[in-house]
Amino acid sequence: MAGLTDRALDVFTAQEYEDPAYDPGPPVSIRSLKAAAKRRKRLWLATAFAGLVIGASLHVVLPHKATAVSQLYLVELPGTDPATGMANEVSLLETQTVGEAAMRILHLNPNEPVFSYKGSGVGSSILTINANGTTAAEAETRANAVAQAFLKIRAQLEQKTTNDEIGSLKAQVLSLQAKRNPGSSANPLQQATDFGQITTLRGQIAQDEEGQSAAIRDSIVLDKAYVLPVSAKKKAVKDGLSGLFGGLAFGIAIVILSELLSDRVRARSDVAAALGAPVELSVRRLA
């Protein structure tokens, strides 16, 4: 240890000198990482190029997915807030119940997972359905099945909701009519009031029945499913750029990891840090 200064002796204990496991190794700085990246430039350039090639050729190797779009025109029940109504329609479309109903329409195995599809609202009346498939025909068939299943289940729910409300209104009408029987003790003024309420309730019943019919009858498939066109060149460029950045990141990660795990001294500053003493003079490698 004759080459070490008193400062170095203060930094390292005797046990650390005897046991190599205590050797912290040279510190890694930003400068050393930059130098490592420059030295191994061929490595990360090669991984970036490989990522570019692999990404650009993925659309040839992997099976292509087709996406079909169908649009529905929906009429809401009277009194429904447009924004809330469309949010509820999208939520209903994406339920397991609608997906399983579409599977039954297509005569698919009910034990299999429901195929991929999603919905989105356009304004307050247009519901868009996007369904995926391995082929264009399969995607179109799936989108049409989802639209059919959705309209059927939606009609059932709206019928139940409206029928419950109409049933409650009819019960009120019967109750008021009982008060107007000839033997009733109600005074003429009260009977006139009850008659006005009965008229109002009957009007509400007729309005609800017409609203239910319109919501079911006028909610239709606006556009049957059609496949969205996909540009092979755009897809190749997009996947190629993704592969390029992925390969570049992979190569840089290898360089950084190698530098962190390496205990090789490469610079004068590393020697100084390891010895805990300044290096007064250094020369290039002599041939």
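R154 forms a salt bridge with E158, with 3.2 Å between the closest N and O atoms; a salt bridge here is a side-chain nitrogen of Lys or Arg within 4 Å of a carboxyl oxygen of Asp or Glu. The model is predicted: local features need pLDDT of at least 70, and side-chain atom pairs count only at pLDDT 80 or more, while totals for chains, interfaces and linings use all residues. Residues are numbered from 1 along each chain as its sequence is written, and side-chain values use heavy atoms, without hydrogens and water.

The count comes to seven salt bridges, including those in the table.

| Pair | N to O distance |
|---|---|
| R154 and E158 | 3.2 Å |
| D164 and K160 | 3.3 Å |
| R217 and D218 | 3.3 Å |

Salt bridges that share partners join E76, E89, R154 and E158 into one network. R154 is buried at 3% relative accessible area, and E158 is buried at 8% (buried is under 20%, exposed over 50%, partly exposed in between; 1.4 Å probe, protein chains only). K160 is exposed at 53%, whereas D164 is partly exposed at 48%.

Helices are DSSP runs of H or I with at least four residues, and strands are runs of E with at least two. The buried residues of helix 6 are G85, M86, E89, V90, L92 and L93. They cover an arc of only 165° around the axis, so they lie on the same side of helix 6.

The protein chain averages a pLDDT of 79, pLDDT being the predictor's confidence in each residue, from 0 to 100.

Notes:
Arc of directions from axis to C-beta.
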